[in-house]
Amino acid sequence: MSGEVSFGPTLEAVTPRPEAPADVFILPGFVDTHVHGGGGGDTMDGPAGVRTLARLHARHGTTTLLPTTITHPWDRVLAALAGVREVMDAGGVAGGADIAGAHLEGPFISPGRLGAQPPNTVLPTPDLVAEVLATGVVRAVTLAPELPGATGAALTFAQAGVRVGIGHTRADAETVTALLGAVHAVGGRSCATHLFNAMGGIEGRDPGPPGALLADPHAYQEVILDLIHVHPTSFRLAHAAAPGRVVLVTDAMRAAGLGDGPSELGGQPVTVQDGRATLENGSLAGSVLTLDVALRNAVQSGVPLPEASRMLSAAPAASLGLTDRGRLEAGLRADLTVLDRELNVLQVYVAGLPVLEDPS
Ligand SMILES: [Zn+2]
């Protein structure tokens, strides 16, 4: 649709004007539900790292994000959550994306499906879950449903309004289906944590976690669309199976936005070459993706722009229960990403304030 958007901190009017020149795209700002770092900063660094990553990703169109923890010793995880809390309590990040809470990725995951997570997994006991909720900052969690105590933990999280992510798991399809059903039965929200990564594959006789997640009519599906973590056909499969519920995420690490070279993830050395981040043992680390690139990858994979935009804004916002953003609608936050015809970012507005000082 061609039209005009007027806004202050919130959107005042979205007016169709068929005669308006169609030289730029104005999309709802991107919402990243899974991002560890960027621009040299990492969630585990504390407030300074959170501010750095929020600014880096805002320059690439992300207007809301959840700084994401990694599987570390428990006191370090709690300290990172306190750091996110501190940034939010201080009013957020000037010139950066809005911080809508934290994503706790691990340590409640399978020691047999760590991916790039360090081996500091623990079981989700009621005491630890209570400690997490007491921080008041966690809006999404990733856990492995086969762990003892996982169902109880998932229900407690779901009832507290935390999105329950299934990932880093060796569960069979039945276990995943049962956990999703339990979460949805109490009105909770669920998501695949980076669908297809750190969870095995789909076979006819053994659908595994991805099969169970895609077959569920309510689960959202995080996909790291850097075309390294996931094949474009797998992405299209997710889109076909879960229309309106695919959530593009970066899973970005501190090296995002810094180009090729040495970096680190969770205390482990990482090498970034040609946009591919690997640990010393060769396994894929997080990504160096930004969501503007994910948008272009989605469109290049054959998804029309309006649907791709939904994967970056409306779907992730809905997956988190955020009703004040994610769409271009009067009364919502003025979170906007403005792109040229080739989908390069021209300007980004967070609650009506421009992020780029000198848009080129
Ligand atoms: Zn991650």
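This is a predicted model: local features need pLDDT of at least 70, side-chain atom pairs count only at pLDDT 80 or more; totals for chains, interfaces and linings use all residues.
Let's start with two neighbouring strands: E15 (residues 261-265) and E16 (residues 268-273) run antiparallel and are joined by five bridges. The UniProt record, an unreviewed entry, carries the annotation "domain: Amidohydrolase-related" over residues 25-352.

**The E15-E16 hairpin**

- E15 and E16 make a hairpin, with two residues between the strands.
- Gly266 sits in the turn and has a positive phi of about 55°.
- Leu265 has Gln268 of E16 as its bridge partner.

**The four-stranded sheet**

- Strands of a sheet pair through backbone hydrogen bonds, and the pairing can be parallel or antiparallel.
- Here, four strands make up an open sheet, and their order is E3-E18-E19-E20.
- The pairing in this sheet is antiparallel.
- Strand E3 (25-28) and strand E20 (353-354) are the edge strands, each pairing on one side only.
- Within the sheet, strand E18 (residues 336-339) pairs with strand E19 (residues 345-350) over four bridges, in the antiparallel sense.
- To find your way along this pair, look for Val338, which stands opposite Gln347 in E19.

**Helices H1 and H2**

- Helix H1 (residues 47-58) and helix H2 (residues 74-89) have axes that come within 8 Å and cross at roughly 65°.
- This crossing of H1 and H2 is right-handed.
- On the H1 side the contact is made by Pro47, Val50 and Arg51, and on the H2 side by Gly83, Val84, Glu86 and Val87.
- Sorted by class, the residues of this H1-H2 contact are four nonpolar, one polar and two charged.

**Helices H5 and H6**

- The axes of helix H5 (residues 173-185) and helix H6 (residues 208-215) also come within 8 Å, and they cross at roughly 35°.
- The crossing of H5 and H6 is right-handed.
- From H5, Ala173, Val176 and Thr177 meet Gly208, Pro209, Gly211, Ala212 and Leu213 of H6.
- This H5-H6 contact holds five nonpolar and three polar residues, with no charged ones.

Conventions. Residues are numbered from 1 along each chain as its sequence is written. Two strands pair if DSSP finds at least two bridges between them. Axes are lines fitted to C-alpha atoms, for helices over the stretch in contact, and angles run from 0 to 180 degrees between N-to-C directions. A crossing is left-handed if the near helix is turned anticlockwise from the far one by less than a right angle, and right-handed if clockwise. Two residues are in contact if their C-beta atoms, placed from the backbone, lie within 7 Å. Ala, Val, Leu, Ile, Met, Phe, Trp, Tyr, Cys and Pro count as nonpolar, Asp, Glu, Lys and Arg as charged, and the others, Gly among them, as polar. UniProt positions are given in the numbering used here, feature names are shortened, and annotations may be inferred rather than shown by experiment.
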